[in-house]
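The structure is shown first.

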Amino acid sequence: EKVLGGGEVTLAEVQGRVKQLLRELEARTRMEGVRLKEAILQTEDDTRSDSLSLLGRQLAEQEKELQRLMAIQVEEIRSRTETETKRRDTIWESVIRNEWDAVNKRSEEHAAIMARIDAAEARERRLATLEQDKREYAAAFQKRCNEKLEEVTHMDLEARAGDVVLSEIEEERVQSAKLRGLSLAVMAVAGSLDDHRALGEAIEAMRQAADGDELVEAAVASMPAGIAQKGVATASELARSFDQAAWKARRALLVPQGAGMVEQAKGAVSARFLRPYRDEVLPQGGEADAPLRRAQYYVNRGQFPKAVAELEKLDPHVRSAVGKWIEEAQRRSVVE
């Protein structure tokens with residue numbers, strides 16, 4: 001100020017004034033630094049607040065977008081779920097319908113089998129009644145014949161004269177009695193064929209009535225062993241047992257000889273769906289099961305020897321399934 005006013009200024013004053021200015025400048029600098037620091041902090045706070053606001057808005061937008069994507073995904077999942085559910089419902093409905101059809105079919109088959117069984121039982125009852133009537137009529141007829149024969153014999157004895165004539169008549173009467181006894185014994189054996197009785201008493205009665213006749217002795221000797229105690233199978237028993245034996249043979253046809261477990265299992269499953277043969281005319285042809293079909297045809301008509309002849313044509317591993325039935329049928333044929 002003095003210099004500007006034109007006065008003299010000493011160095012000490014100048015230095016003092018410079019120091020004073022420096023202190024003021026330093027104070028102002030510090031003050032400005034504090035203010036600048038506060039401004040920086042304020043700016044940082046404002047920036048942080050703006051960043052948080054921006055981040056909040058971005059998060060809100062991202063959440064909305066996420067919700068939109070989730071809604072789309074949920075809708076897509078729901079749509080796929082409904083489609084898959086409908087598809088599975090359709091499949092299960094088809095499966096259930098098929099199962100019900102199979103059950104109905106099996107019920108119809110069972111009803112048909114029961115009807116055939118009832119018809120077979122009724123037929124057996126009628127056959128038993130007819131057989132009983134036949135035996136009664138035969139016995140009555142034989143009784144009348146015996147009465148007539150005795151009457152004629154007595155009349156003939158009264159009409160004849162002389163001891164020689166009487167001796168001849170007596171011999172004829174004895175022979176007639178033997179023939180009558182033999183006839184009754186043979187009828188008893190024939191009657192035992194279809195009621196499964198032991199034939200021992202009937203055969204012994206026939207031998208006694210024959211009184212050593214060679215033809216009768218040869219016929220008795222040709223009969224199979226054991227029939228005196230057990231008898232032979234009746235026609236109805238052979239017819240019933242043939243169904244089971246034929247089923248085993250048909251199962252053997254489905255499984256080649258020497259087949260493994262898989263082929264045997266397949267054959268067993270296929271055999272469950274086999275149905276009995278019901279041919280109305282004699283089957284022809286050379287198929288593997290043709291002898292079985294012809295045998296069934298003959299069995300249904302009581303022609304057991306012809307059925308045995310057809311079964312003998314089967315392959316050994318198939319014929320073994322009906323071996324027992326063949327033996328029973330041959331025993332009956334021999335006795336007949």
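Which residue lies over the face of tyrosine 297?

## Basis

This is a predicted model, in which local features need pLDDT of at least 70, side-chain atom pairs count only at pLDDT 80 or more, and totals for chains, interfaces and linings use all residues. Residues are numbered from 1 along each chain as its sequence is written, and side-chain values use heavy atoms, without hydrogens and water.

## Aromatic contacts

Arginine 301 lies over the face of tyrosine 297, at 3.7 Å from the ring centre (the criterion being NZ of Lys or CZ of Arg within 6 Å of the ring centre and within 35 degrees of the ring normal). Tyrosine 297 is buried, at 16% relative accessible area (buried is under 20%, exposed over 50%, partly exposed in between, with a 1.4 Å probe and protein chains only).

The whole structure holds 3 aromatic pairs (ring centres of Phe, Tyr and Trp, the last by its six-membered ring, within 6.5 Å; planes under 30 degrees apart are stacked, over 60 edge-to-face, the rest tilted). Tyrosine 297 and tyrosine 298 pair edge-to-face, with 5.7 Å between centres and 70° between planes.

## Salt bridges

The count is 15 salt bridges (a side-chain nitrogen of Lys or Arg within 4 Å of a carboxyl oxygen of Asp or Glu). Arginine 78 bridges glutamate 82, with the closest N and O atoms 2.5 Å apart. Glu75, Arg78 and Glu82 are linked in a salt-bridge network. Arginine 78 is partly exposed at 37%, and glutamate 82 is partly exposed at 38%.
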